[in-house]
Amino acid sequence: MVQQEITVLGIETSCDETAAAIVRGARGSDGYATGTILGQQIYAQFDEHRAFGGVVPEIAARAHLDRLDTVIRHTLTDAGLRLDQLDGIAATAGPGLIGGVMVGVSTAKAMALVGKLPFIAVNHLEAHALTPRLGEDVPFPYLLLLISGGHCQLLIVEGVGRYRRLGTTIDDAVGEAFDKTAKLLGLGYPGGPAIERAALAGNPERYDLPRPMVGRPGCDFSFSGLKTAVRVIAMSLDPEDDKARADLAASFQQTVARTLASRVGQAISAFKDRYPEGRALVAAGGVAANSAIRGALTKIAIDSQLRLVVPPPKLCTDNGAMVAWAGLERLRLGLTDGFDFAARPRWPLDATAAPAAYAGVKA
Ligand code: KG4
Ligand code: ZN
C-alpha cells in the first residue's frame with residue numbers, strides 16, 4: 001500500500017544557528033517510516049559572536065531577524081517547493097534565547113497564516129530527542145542522553161511528547177563545560193569542536209581530573225568541579241606550551257566521556273527495570289558530535305546489549321531538519337498549535353520531574 005506523505009518546513013532560531021529545512025515523511029502514525037530531507041540551509045553566527053567568546057543574546061536575535069527570510073527562501077528553492085505545497089510549518093518555540101525564539105515563531109506563524117497551514121510549536125529538546133528517528137528506525141521506548149550547550153539530561157523517550165527524566169545536571173551543561181574549557185585554553189569559539197581538534201594531538205592520561213558524581217547513586221551530572229580543576233591547571237601553564245594545552249584538552253575530553261558513560265550505565269539499569277523490552281541507547285545534541293564521547297558510548301552500549309544510535313554530526317548540532325522532523329511527528333498525530341502559542345524561554349520535556357534540589361539546576 002502506498003502511504004500518503006506529508007511535508008513540513010522547520011525553523012530553528014533558539015541559539016546561534018539560523019536554520020531551516022523541509023522534511024517529507026509518511027502521514028500515518030501507525031507502523032514506522034523514516035523521513036527525507038528535501039532541502040536545508042544553515043547560517044551559523046560564529047563570526048558575529050567570536051569576539052565575545054560566546055553567544056550574545058541581543059546580537060543573536062538581530063542576526064536571526066536579518067538572515068531568516070533568506071535562509072527560508074533558499075530552503076524552498078533547494079527543495080523545489082512553494083509554500084502551497086507544504087503541509088505544515090514548525091518552529092522551535094523554546095527553550096532558548098527568547099529574542100531568537102520569537103523571531104522564528106513569528107515567522108512560522110506568519111507563513112502558516114498566509115499559506116493556511118497548521119503551525120506546530122516544537123520543543124527544541126524534543127527536536128533533538130526525536131532526530132534519530134528521522135534517519136533510522138528507532139522504536140519507542142529508548143534511553144536518551146541529551147547533551148548540548150544548554151542541557152545535559154538522561155531521559156526515557158516513551159513516545160512523542162512523552163518523556164521520563166532520570167537525571168539532569170546540577171550545575172553546568174556539558175557543552176558549556178566544553179565551551180568554557182576551550183576559552184580557558186585560548187582555543188576559540190565554538191569550544192566543542194576546538195577541544196576535539198586540539199585533543200587529537202594530546203595525551204589524555206597526562207592530567208588526572210576529577211570525575212564528579214561518578215560512583216554516586218542516581219543519574220544526575222555535575223561539571224563545575226571539573227571546570228574549576230581545568231582552570232587551576234590552565235592558569236599554571238605556559239601560554240606558549242601547545243603540547244600541555246593539547247594534553248589538557250585531551251584529558252578534559254576523556255574525563256567527560258568517561259563521566260558520561262558512567263552515568264549512562266546507571267541510567268541503563270533504570271531503563272531496563274522499567275522497560276525490559278527497550279533496545280536502544282540514543283545520544284543527541286551538539287556534544288554528541290564528539291567522537292571520543294561516541295566511542296565511550298559505543299563501548300557501554302555493547303556491554304549492555306543495547307543498540308547505540310547517534311545522528312550524523314550535522315544533525316547533532318542545531319539544524320532545521322530536526323525541527324521539521326519533530327513537527328512532522330507531531331503533525332501526523334494531530335498535535336498542532338494555535339497562533340496564541342507564546343515563545344517559552346524554559347520548557348522542560350518532563351514537566352512532572354521534581355526539580356533537582358541543588359542551586360543552578362538546568363530544567
Ligand atoms: O545542540 P547544540 O548545537 O545547541 C544547543 O541546543 O545548545 O549544542 C551546542 C554545543 C556547544 O556547547 C558546542 O561546543 C558543543 O555542542 N559541540 C561539541 C562538539 N560540537 C559541538 N562538543 C564537543 N565536541 C564536538 N565535536
Ligand atoms: Zn540544541
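Predicted model: local features only at pLDDT ≥ 70, side-chain atom pairs only at ≥ 80, totals over all residues.

Trainee: Why is His-124 called buried?

Mentor: Buried means under 20% relative accessible area, exposed over 50%, and partly exposed in between, with a 1.4 Å probe and protein chains only. His-124 has 7% relative accessibility, so the residue counts as buried. His-128, with a relative accessible area of 1%, is therefore buried as well.

Trainee: What makes residues count as protein donors of the zinc ion (ligand 2), and which are they?

Mentor: Donors are N, O and S atoms within 2.8 Å of the metal (3.2 Å for Na, K and Ca); water is not among the atoms, so sites may look incomplete. His-124 (NE2), His-128 (NE2) and Asp-318 (OD) lie 2.0 to 2.1 Å from the zinc ion, and therefore qualify. Their spacing in sequence is H-x3-H-x189-D.

Trainee: Why are His-124 and His-128 separated by about one helical turn?

Mentor: Because they are 4 residues apart in helix α4 (residues 124-130). Helices (H or I, at least four residues) and strands (E, at least two) are DSSP runs, numbered from the N terminus.

Trainee: What makes β8 (162-168) and β10 (307-309) edge strands?

Mentor: Two strands pair if DSSP finds at least two bridges between them. The open sheet of 5 strands has the order β8-β7-β6-β9-β10, with mixed pairing. Each of β8 and β10 pairs on one side only.

Trainee: How do you know that β6 (residues 142-147) and β9 (residues 280-284) pair?

Mentor: They are joined by 4 bridges, and the definition asks for at least two, so they pair; the two strands run parallel. Leu-143 has Leu-281 as its bridge partner in β9.

Trainee: What makes the approach of Glu-196 to ligand 1 a polar contact?

Mentor: A polar contact is a pair of N or O atoms within 3.5 Å; within protein, one must be able to donate a hydrogen and the other to accept it, and residues adjacent in sequence count only if both atoms are side-chain atoms. A polar side-chain atom of Glu-196 lies 2.7 Å from a nitrogen atom of ligand 1, so the pair meets the distance limit.

Definitions and conventions
Residues numbered from 1 in each chain as written. Chains lettered and ligands numbered in written order. Heavy atoms only, no water.
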